[in-house]
Every structure is written in C-alpha cells, then in structure tokens.
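Please consult the sequence and structure shown here alongside the text.

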Amino acid sequence: MDRFRNEPYLLINFILAGVIILVFIYSGIFSPEKNSYPVVCVHEKLTGEECVSCGLSHSFSLIIRGEISEAYDWNVYGLRVFIFFAAQLVMRIIFSIFYLKYPETNNQLITYDIAVSAMLFLVCFLPFIETLISQFH
Amino acid sequence: MEDFTSSTGQPSGKSPVSNTKQPAGQNLGVAALITAIVTFILAVIPCVGLIAMIPGIIAIVLASVGLSQASRSDSPRGLLIAGLIIASVATMISFSQVFVVGRISDKFKNKWGSDIENVINDVQENVLNELEDANVSIKVESNGEKVEINTSVNKKNREQQLEELEEADSVRKDTLVRKK
C-alpha cells in the first residue's frame with residue numbers, strides 16, 4: 001500500500017481501473033429490459049429530443065451481455081466508447097505491471113501511456129467531440 | 001522533544017513519520033488528478049456533460065488547495081498543476097454543454113412553434129368543415145307550447161336549397177315578364 005502512496009502513477013492506474021470496473025458493474029446490474037437506469041439524459045429532459053450519446057447505458061449493458069447488434073441499434077457509437085473503457089482497463093493493468101517490473105523505463109512508459117490514451121480518447125469520442133464543436137459554428 | 005538527527009544533519013534513527021510522510025499537497029494532487037480525468041471523460045459525453053461541472057469544480061478546489069500547501073513547503077507541484085489544467089479544461093467543456101443545450105432548445109422551440117401553428121390550423125379547418133355539415137336543433141318552450149325546429153345546415157343541402165331558390169326566382173321572373 002505504501003508503494004501506491006509513493007507512486008502517484010500506480011495510484012491513478014489503480015483508481016481508474018476501479019472506476020472502469022464500476023462502470024461495467026453498473027452496466028451489468030441494470031438491464032435494458034427493465035429500463036431502470038438512474039442516469040438520465042439532461043438533453044432529453046430539457047429538449048425532449050435524443051442527443052448523440054443517448055442509449056449509451058443500454059448499449060453498454062447489451063455489449064456486456066454479448067448482444068452487439070442490438071447494442072448498435074441503441075447507440076451507434078456505444079461500441080467504440082466501450083472499447084475505449086475496455087482498452088483503458090487493460091492498459092492500466094499492463095502499464096502498472098511494466099512500471100513495477102522495469103523502473104528504469106518509467107518516464108518513457110508514462111509518456112507512451114499519455115500519448116496512446118489521448119489518441120484512443122480522440123478516436124473513440126470523436127463523434128461526441130464533433131457534436132460539441134459543431135454547436136459553435 | 002526527541003532528536004531524530006545526528007551531528008551531520010541526517011536522521012539518526014528510524015522515524016515512523018519520515019518513512020510515510022508525503023510531500024505537502026501530493027495526496028490532494030492525486031485526488032484532483034483522478035477527479036479531473038473522470039470529469040474530462042464525463043464532460044465530453046453530452047448526456048452527462050452538464051453534471052460533470054460538479055466534479056470539475058471539486059477537482060479545481062482540490063488542486064488549488066494542494067498547490068497552496070505545496071507552495072508553502074516547496075514541494076513538487078507537477079501533479080497538482082496537471083490536475084488543475086485538466087480539471088479547468090474539463091469544466092470548460094462541461095460548461096460549453098450549456099450552450100449546446102441552449103442551441104438544441106432554440107432549434108426545437110422553433111420546431112414546436114411551427115408544430116403548434118399547424119395543429120391550430122388543422123383544428124380550425126376541422127371545425128369549419130364540421131360546421132358546414134352541422135345539424136341544428138332549436139327548441140322553444142313558451143306558455144306550455146313547445147316548438148322544435150330541426151334543420152340541417154349540410155353543405156350539400158344548402159347548395160340544393162340555393163339552386164331551388166334560384167330556380168324559383170327565375171320562374172317568378174318569367175311569370176312577371178309574362179304578366180307585363
């Protein structure tokens with residue numbers, strides 16, 4: 001535990017992995033059939049119209065249950081956002097192991113992690129970023 | 001007070017405090033950075049983008065407090081500055097979602113406005129059409145006498161009546177001409 005305290009990178013990895021696992025548990029607990037998701041879309045509440053990220057919770061739940069085509073119907077971008085979270089979970093674990101095993105390459109590892117995560121974020125969240133930017137044109 | 005340092009200025013024994021003590025503000029920095037990253041991810045998702053403002057502000061407060069602590073004790077501030085920058089950017093993105101909602105509201109307000117106008121026009125047309133085919137019943141009761149007049153103001157009937165009246169009028173004109 002002291003190792004985690006002294007190494008902020010490991011602590012961040014540990015907590016981010018925890019957050020992603022919580023997201024997956026949330027998607028697993030709430031089923032699309034019951035439609036009892038506690039998080040509602042603020043846009044839909046205000047405008048009455050669905051936004052680009054509506055149906056993401058349904059999509060995640062269906063992906064976890066292996067129903068990919070139905071997940072695609074709920075939200076077209078659900079799969080790529082899910083891939084981002086899944087990839088991040090794997091990356092947190094792998095990078096933490098590398099960080100502990102090869103302390104001499106820690107700086108390079110962190111740089112590589114930041115670059116890959118940023119690229120992955122841009123690719124997976126591009127539709128949402130585009131929607132956000134398009135509102136200012 | 002117990003002396004932990006030798007004459008060289010180095011710790012003379014094992015101090016439980018010196019082993020576990022973090023540089024000032026580092027715990028706050030880690031907390032701020034994690035909150036900022038989570039905020040950043042949430043802020044980009046339109047559904048929950050507005051809500052992300054709350055953790056964003058929390059992250060800014062944590063990083064600011066950590067920075068003030070770190071600056072007082074000359075501790076490293078890299079983590080805190082990173083947390084503060086990410087939290088600020090994430091909060092700005094989250095705040096920009098307000099404008100997105102505003103734009104969408106405006107768009108649908110106009111759409112709803114025209115929809116309401118269409119509905120009113122439709123209702124008006126329907127009422128006029130129904131009135132054309134209305135059946136009117138008038139009941140008059142006076143001194144125990146009841147008079148009931150039923151009339152149909154059907155459009156077709158009206159047209160027929162009009163034609164009949166016109167025919168009758170033309171016949172009357174003909175007779176008048178003959179009388180002359």
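The text below treats the basis of the model, the two chains, their contact and selected local features.

## Basis

The model is predicted: local features require pLDDT of at least 70 and side-chain atom pairs count only at pLDDT 80 or more, while totals for chains, interfaces and linings use all residues; side-chain values use heavy atoms, with hydrogens and water left out. Residues are numbered from 1 along each chain as its sequence is written, and chains are lettered from A and ligands numbered from 1 in the order in which they are written.

## The two chains

Secondary-structure elements are DSSP runs numbered from the N terminus, with helices (H or I) of at least four residues and strands (E) of at least two. Chain A has seven helices and zero strands, whereas chain B has five helices and two strands. Read from the N terminus, the order in chain B is α-α-α-α-β-β-α.

The table sets out values for each chain. Buried denotes under 20% relative accessible area, exposed over 50%, and partly exposed the range in between (1.4 Å probe, protein chains only).

| Chain | Residues and buried share | Exposed area and carbon and sulfur share |

A contact is counted when heavy atoms lie within 4.5 Å. Among contacts in chain A with a separation of 6 or more, 56% involve residues 24 or more positions apart. In chain B, 54% of the contacts between residues at least 6 apart in sequence join residues at least 24 apart.

## Contact between the chains

Contact between the chains involves 29 residues of chain B and 32 residues of chain A. About 2,700 Å² is buried between them, and carbon and sulfur atoms give 78% of that area. On the chain B side, Ile34(B), Pro46(B) and Cys47(B) lose the most area to chain A, together 21% of what that side buries. Buried area here is the accessible area (1.4 Å probe) that two parts lose on being put together, summed over both.

Two packed helices are described by the angle between their axes and the distance between the axes. The axes are lines fitted to C-alpha atoms, for helices over the stretch in contact, and angles run from 0 to 180 degrees between N-to-C directions. Angles under 35 degrees count as roughly parallel, over 145 as roughly antiparallel, 65 to 115 as roughly perpendicular and the rest as oblique.

One helix pair spans the two chains: H7(A) and helix H2 (residues 26-44) of chain B pack at an angle of about 45°, with their axes 9 Å apart. These two helices, H7(A) and H2(B), are therefore oblique to each other. H7(A) contributes Phe121(A), Phe125(A), Phe128(A) and Ile129(A) to the contact, and H2(B) contributes Phe40(B), Ile41(B) and Val44(B). The residues of this contact of H7(A) with H2(B) comprise seven nonpolar, no polar and no charged. In this division, Ala, Val, Leu, Ile, Met, Phe, Trp, Tyr, Cys and Pro count as nonpolar, Asp, Glu, Lys and Arg as charged, and the others, Gly among them, as polar.

## Helix packing within chain A

Helix H7 (residues 106-134) of chain A also packs with helix H6 (residues 78-101) of chain A, at an angle of about 175° and with the axes 10 Å apart. H6(A) and H7(A) are therefore roughly antiparallel to each other. The residues of the contact of H6(A) with H7(A) divide into 20 nonpolar, three polar and three charged.

Ser117(A) lies in helix H7 of chain A and is buried, with a relative accessible area of 15%. Beyond its neighbours within four places in sequence, Ser117(A) is in contact with Phe84(A), Gln88(A), Met91(A) and Arg92(A).

Helix H4 (residues 56-64) of chain A has seven of its nine residues buried, so it is largely enclosed by the rest of the structure. The buried residues of H4(A) include His58(A), Phe60(A) and Leu62(A). They pack against helix H2 (8-29), helix H5 (68-74), H6 and H7 of chain A. Just after H4(A), Gly66(A) takes a positive phi of about 85°.

Ser94(B) lies in helix H4 of chain B and counts as buried at 0% relative accessibility. Leaving aside neighbours within four places in sequence, Ser94(B) is in contact with Ala43(B), Gly49(B), Leu50(B), Ala52(B) and Met53(B). The C-alpha atoms of Ser94(B) and Gly56(B) are separated by 8.3 Å, although the two residues are 38 residues apart along the chain.

Asp74(B) is placed in the loop between helix H3 (53-73) and helix H4 (78-132) of chain B. Asp74(B) is exposed, with a relative accessible area of 73%. Its phi is near 55°, a positive value in a residue other than glycine.
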